[in-house]
Amino acid sequence: MTTKIDVVDAVCGAGKTTWVFEQMRTQPEKKWLFVSPYLDEAGDGASKGRIQKELPELNFKSPSSTPSKKEDFLRLAKKGNNIAITHKLFTGFSVDIAHVLEEQGYHLVIDETIDLVTFYEDIHHQDVKFLILAGMIKCTQTGQLTWNDEQWPNYTGRDVKIKELCQLGCLWLYGDDVLIQRIPPTCMKACKTVTILTYLFEASLMHSWMKLNDMNWSYLYPEEMKPSAEIKEILRQKLHFVPRSKYITDLQRTSQGLRKSGAFNVGWYKDQDVDSLEKVKKSIEVTLKDQMPKGAVFWTTFKDYENKLAGIGYTRAKKVNGDLRKPFVSKNMRASNEYKDCNNCLYAVNIYPHGSLDNHLRQFDVHLDKDLYALSEVVQFIFRGSIREHKDMYVYILSERMQTLVEEWLLLDY
């Protein structure tokens, strides 16, 4: 069976989710598997998510934790229920689940791309070296790790998870100490059709993963969705870039006045002392107070530097719909409406693909466009705020490179 894969690549706000929900509603005879980044979209087995609320007639189920999410998913799938789950659960699926998906004839919808090429951090690289020296696993010339089934066929010890991953062919060693996991395409290929809802698909690690696995797909832009040019025109009117302070600008200049493209990336942060980061924080505080309007704030930096940059006016949690909401947001948050009331955005990162991951892909002639990758992240982040509802939003982007990418993107009508 050849799985038909459609990629709906459309700018945030075009109506991708509304369109796909309507597709499900008008085809109730099909069995649907909906995969979302967040529990509040998919539900958690006890409380309803967005899909259960908007498509009550399709009776979407979400697996519970009893006895485990994976086991309960299998129970639901064997009954042929419509099911909604998170990205995290989907990446842990095994071959037995793929068999059930194929038998039942599921149609898979993935909301936002999933990182299916990632670092594997559940074992220390020194333990991997020990397993290689002990002859329990082997490393091929390309770095792929395989289990020594001839000598250790019945192994059930501490590293049985590594054995399983090696047998699935999804663990790779890059260099001496970087473990990379590539999720097998088994479950995706087991479904009748796959629909991926995203934006700037070619910038994603999922796109790279599909190329690694020689998978074919087609782009789809349903006529029911808003044209990108129409949305871009609204953005050009409603998105306001806040000028950088002299201190932030000077940090990005050499003594000859040339721009440092790496300022505010993760390596740059590692090189800064406490005093420098304190000055960055003070600069953000002053800019927010003097140049941005009153209103709710959301912001981001690399997680390790959240506490060092957290300042007056953008640190304290506030009550929203009865729950406390922190203004700090993970830099790669996607597909969330939680911050749609926020008209002020502080963006203190400069994004590049991780070097080891990028080099691993290049080994297999798969190339990530660094600027497109960065643009995808910043656009997705900005759209968490009030701009997603086409309301004025003020954005303070510390990195000149990142702001230039957004400004150039806005000039395009697609």
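Me: Over how many bridges do strand 8 and strand 9 pair?
Reply: This model is predicted. In it, strand 9 covers residues 178-182. Strand 8 and strand 9 pair in the antiparallel sense. The number of bridges is four.

Me: Which residue is the bridge partner of Y174 in strand 9?
Reply: Strand 8 runs over 171-174, and strand 8 pairs with strand 9. The partner of Y174 in strand 9 is V178.

Me: In what order do the three strands of the open sheet stand?
Reply: The pairing in this sheet is antiparallel. Its edge strands are strand 5 (117-119) and strand 8 (171-174), and each pairs on one side only. The order is 5-9-8.

Me: Is strand 17 mostly covered or mostly uncovered?
Reply: Strand 17 spans residues 393-397. A residue is buried at under 20% relative accessible area. Four of the five residues in strand 17 are buried. The strand is mostly covered.

Me: In which sense do strand 12 and strand 17 pair?
Reply: Strand 12 holds residues 239-241. Three bridges connect strand 12 with strand 17. H240 stands opposite Y394 in strand 17. The sense of the pairing is parallel.

Me: Which residue in strand 17 is the bridge partner of C345?
Reply: Strand 16 (residues 344-347) runs parallel to strand 17. Four bridges join strand 16 to strand 17. The partner of C345 is V395.

Me: What kind of aromatic pair do W299 and Y314 form?
Reply: The ring centres of W299 and Y314 are 5.1 Å apart. Their planes stand at 80 degrees. Planes over 60 degrees apart count as edge-to-face, so this pair is edge-to-face.

Me: Why does the pair of W299 and Y314 tie together parts that are apart in sequence?
Reply: W299 lies in strand 13 (residues 297-300). Y314 lies in the loop between helix 15 (306-309) and strand 14 (318-320), so the pair ties together parts 15 residues apart in sequence.

Me: Are W299 and Y314 buried or exposed?
Reply: Buried means under 20% relative accessible area, and exposed means over 50%. Both W299 and Y314 are buried.

Me: Over the ring of which residue does the charged end of R401 sit?
Reply: The charged end of R401 lies 3.9 Å from the centre of that ring. The ring belongs to Y352.

Definitions and conventions: Residues are numbered from 1 along each chain as its sequence is written. This is a predicted model: local features need pLDDT of at least 70, side-chain atom pairs count only at pLDDT 80 or more; totals for chains, interfaces and linings use all residues. Side-chain values use heavy atoms; hydrogens and water are left out. Two strands pair if DSSP finds at least two bridges between them. Helices (H or I, at least four residues) and strands (E, at least two) are DSSP runs, numbered from the N terminus. Buried means under 20% relative accessible area, exposed over 50%, partly exposed in between (1.4 Å probe, protein chains only). Rings of Phe, Tyr and Trp (its six-membered ring) pair if their centres lie within 6.5 Å; planes under 30 degrees apart count as stacked, over 60 as edge-to-face and the rest as tilted. A charge sits over a ring if NZ of Lys or CZ of Arg is within 6 Å of the ring centre and within 35 degrees of the ring normal.
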